[in-house]
Amino acid sequence: MGRIDTGAKPIDEKAVIAAAEQALADISGIKQAVSDVIFGQESVVEQTLLAVLSGGHALLVGVPGLAKTKLVTTLGTVLGLNSNRIQFTPDLMPSDILGSEVMDQDENGRRSFRFVPGPVFTQLLMADEINRASPRTQSALLQAMQEYHVTVAGAQHDLPRPFHVLATQNPLEQEGTYPLPEAQLDRFLMQVDVPYPEMAAERRILLDTTGAKEAVARPAITMERLTAIQALIRQMPVPESVVDAILELVRAARPGHGNARVDETISWGPGPRAGQAMMLCARARALYDGRLAPSIDDVRALAEPILQHRMALTFTARAEGIGIRDVIAGLVTPKAG
């Protein structure tokens, strides 16, 4: 055996393999625990879990009633994380999510300010209908997502670790909403599209959720184990061929980098953060599938959820009915087979 050179300090390969084997058993338990409560939607569950296992945030986009809220609540329980939910509305203020200072008075009449943490101080935050919040409130959450602390009255307060935001967004109803700025979209590791369930899954939903008893989520791992798995994923080796595939894909998605279709349809493309997200999520997907190193197939499978919210169509492309997914598929498909 030997040691793996990942560009940082050498890593003991035997230790990584042993840790990966334990992680595989833990992930199998996570999958089973989630499937007891969430029926079908395997791709949605996989992508959301990959975002959390990679240590990042995810944006879940889908119409109401597709169990987005239930999925986030279930993951909090299964992964052993404390969780909170914020229902975003246009009148929500930054202090409503971050917390605020209140004045206390002791028995001697002396007054002092005390910080009361808001609901953002949790390990798994569900930001429900995030695009209904005003830009001011969105920017407050943006700092928390990127810097893992908040600033109130000039004082910095660290958030619990791990800290993950799973936000939901309704793609249909746009009245009274504030589209997320590109800078905040880029902070989400993935955009997970939530489709309607297949017939078999929907049949099970009808039968299992309308009776006297309903399945309840159960813990599968602890927060400490989740943190260990997240650290392991960052230690997994990535073959040079996969690194090259990530670089080629991300750079090809930018206008002015040699792809004629992208030049015609895309006004701006993904930055280096997309490549970082791809590196982490490809490792996580390999481990999720029981492999010790990612492959080019992982890059292809992750192209859409990682790139689609980091690209914008030109006016002409939108007028012609071209979608972001069409462009991404064109970047990935020629390399298949």
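Me: Which residue in S10 is the bridge partner of Ala-58?
Reply: This is a predicted model, where local features need pLDDT of at least 70, side-chain atom pairs count only at pLDDT 80 or more, and totals for chains, interfaces and linings use all residues. Residues are numbered from 1 along each chain as its sequence is written, and side-chain values use heavy atoms, without hydrogens and water. Four bridges join S3 (residues 58-61) to S10 (residues 164-169), and the two run parallel (strands are DSSP E runs of at least two residues, helices H or I runs of at least four, numbered from the N terminus). Across from Ala-58, the partner in S10 is Leu-166.

Me: What is the order of the strands in the open sheet?
Reply: There are five strands, with parallel pairing (to pair, two strands need at least two DSSP bridges). The order is S4-S7-S10-S3-S11.

Me: Which strands are at the edges?
Reply: Look for strands that pair on one side only. Those are S4 (83-87) and S11 (190-193).

Me: How do H12 and H14 run relative to each other?
Reply: The axes of H12 (residues 296-307) and H14 (residues 324-332) come within 10 Å and cross at roughly 150° (axes are lines fitted to C-alpha atoms over the stretch in contact, with angles from 0 to 180 degrees between N-to-C directions). Over 145 degrees counts as roughly antiparallel. So H12 and H14 are roughly antiparallel.

Me: Which residues of H14 make the contact with H12?
Reply: Contact means heavy atoms within 4.5 Å. H12 brings Arg-300, Ala-303, Glu-304 and Leu-307. From H14 come Arg-325, Ile-328 and Val-332.

Methods. Angles under 35 degrees count as roughly parallel, over 145 as roughly antiparallel, 65 to 115 as roughly perpendicular and the rest as oblique.
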